[in-house]
Amino acid sequence: MGGTKKKKFERGAATAFVSRNKALKKLQLNLADFRTLCIFKGIYPVEPLHKKKVNKGSTAVKTYYNLKDIQFLSHDQLITKFREKKHYVRRLKRAVAKKNRFAESIIRDSKPVYSLKSVIKERYPTFIDALRDLDDCLNLCFVFASFPHSKRVHVEMVQMCKKRTVEFQHYVIAAKALRKVFVSIKGIYYQADIKGETITWIVSHKRGFTHPQDVDYKIMQTFAEYHSVLLGHINIKLFSDKNLVYPPELAEPQQFIDQDQCLETDRTDENLASLAPAIKTTGETQDEEDDDAEVDALNAISADDPDFIEKSKLEAESVKKLQNLFKGLRFFLNREVPREELTFVIRACSGLASWDYTLGVGATYQEDDNSITHHVIDRPAVTNQRLDRTYVQPQWVFDSINARTLLPAKDYFPGVPCPPHLSPFVEEKEGEYVPEDKVKFLKRIQGEAEEEEEESSEEDEPGAEDDESDEEDDDEENKDSLEKPAGKKRKIDEKKIKSADAKKAKTMAVTEGVLERVDKHKLLQQQQAEDRRLGEMMIPKKHKRLYNKIMTSRKKSSQEARKLQEKKDKLKEQKKKGKKLKKA
């Protein structure tokens, strides 16, 4: 007495998915509106495991969606807005065809507008969730901000993306959240730490651009519309938390004004886009107690892990050094260097940057200012060189940020071939091959510490020489005592004792103690190695084989790295021998 048996394609995967055409009929939308709705709501096509079952035995190529997602879309308010927009377009076309100007103006004034606030709240319940999805948002907004004005993309969308990206850059400058920079062929990669989340994005180089023909700009513009709204909401929250005025306003009026550079209505926006002037705050000072509370909470969580606390302290010191890297330095940017990019990274590290006011809006001081400390130039020779400032190439700024210290400027003088620009995003694991250029770069960073160690070792050497000389004197005295007759031996021994006592009395003194230098990084590495060894002992038998496979692959990579290093050492020795033979 069982129920009625279901037919072949009425259960399982056949009922869990729906094709795109059926979804369009269910929602009563055209393809363009359906795509827009799916982009806004974050719903994308899926690939069923058994297509033949889903398509009821057919092997035709189709696009499928989850049935639950389509049912979720059917109750959304945006569908009614899309239908109102469709009706609005139909009425407007009729009024334009009848040349009824009065009706056309009334219809245009009643254009339906939809809001994405509810969509953003639905997709991102917390602010941290929105920050985790900020990477793609920034990439697309920066791409649209660089587009030229054309018929393919609306001008309003390009201007909106430009405005939102400038606001975000001003926040990064005010919060000093920049951590890494890397200049590549594709563009400039940036990494910032915002509310504990690591955000990485790329900004393309400024160059001539032509729109490719094989790109659907309608879909891209839909994504840009959504991401610009998301970035705007994130900017509002970030500015309010940092006690900054939103929308951003200039803290001080512009000093150098050229009436021919831009319109009076666009002057404020152009000044903000230059990133050089400071922006207004709400007047409330941010208490440092919040940071202390976060540190206390972190210590409470990790009280049982002293290594984690030590790592966090070292990282905090390094970040603080980076935030104040260019503090007190004033840069002047020559006309051939990337102005906005350098201004952004310099100001994010507490520096000041300016340029000639004829090049663009936003200059705060001129080239003849005596307070300028560094002049960034990208030319082989410098004309009218001044002795009261340092001339460097743009790479010095980026490398100093990645090294988190001011590198020697002599390697980046104009006309001098710069060292290789290494990516800070690549971190070699234990046993992997480290390029020679990176080893040199790390040595350059630690050059100050090495020099101090050399000086301390040199100071210790003279004492050792004195001890050796005293030992030699004692040896000579012993030789003399053996050569002299036995009758006079006692008198000589007494003299020796007296002279030794006198020497001891002279040498006995209170000397200033020397602090023992403790390398925290080495201690942490030793502790990590010990923890790793103990962890290996605790691995259960069923996971031991997998762990051994991982370790053998690491050993192979370390062997390859060792072989490469041996080849390099051999080449160096051959070069040295060749030079010696040439000299001979």
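Student: Hi! Quick one to start: is Asp368 buried or exposed?
Tutor: Hello! Keep in mind that this is a predicted model. In it, Asp368 is exposed, because its relative accessible area is 59%, and the cut-off for exposed is over 50%.

Student: Nice. And where does Asp368 lie?
Tutor: Asp368 is in the loop that runs between β7 (352-354) and β8 (374-376).

Student: Let's switch to His211. Buried or exposed?
Tutor: His211 is buried, since its relative accessible area of 13% falls under the 20% limit. Its place is in the loop between β5 (197-204) and α12 (217-241).

Student: Which side chains make a polar contact with the His211 side chain?
Tutor: The side chain of Ser150 does, at 3.0 Å. The side chain of Tyr217 also has a polar contact with that of His211, again at 3.0 Å.

Student: What else is His211 in contact with, leaving aside its neighbours within four places in sequence?
Tutor: Besides Ser150 and Tyr217, there are Phe147, Pro148, Arg152 and Val153.

Student: Great. Now the helices: at what angle do α2 and α3 cross?
Tutor: Roughly 95°, and the axes of α2 (residues 20-27) and α3 (residues 31-41) come within 11 Å. The angle lies in the 65 to 115 degree range, so α2 is roughly perpendicular to α3.

Student: Which residues meet there?
Tutor: From α2, Arg20, Ala23, Leu24 and Leu27; from α3, Leu31, Phe34 and Arg35. That contact has 5 nonpolar residues, 2 charged and no polar.

Note on methods
Residues are numbered from 1 along each chain as its sequence is written. This is a predicted model: local features need pLDDT of at least 70, side-chain atom pairs count only at pLDDT 80 or more; totals for chains, interfaces and linings use all residues. Side-chain values use heavy atoms; hydrogens and water are left out. Helices (H or I, at least four residues) and strands (E, at least two) are DSSP runs, numbered from the N terminus. Buried means under 20% relative accessible area, exposed over 50%, partly exposed in between (1.4 Å probe, protein chains only). A polar contact is a pair of N or O atoms within 3.5 Å; within protein, one must be able to donate a hydrogen and the other to accept it, and residues adjacent in sequence count only if both atoms are side-chain atoms. Contact means heavy atoms within 4.5 Å. Axes are lines fitted to C-alpha atoms, for helices over the stretch in contact, and angles run from 0 to 180 degrees between N-to-C directions. Angles under 35 degrees count as roughly parallel, over 145 as roughly antiparallel, 65 to 115 as roughly perpendicular and the rest as oblique. Ala, Val, Leu, Ile, Met, Phe, Trp, Tyr, Cys and Pro count as nonpolar, Asp, Glu, Lys and Arg as charged, and the others, Gly among them, as polar.
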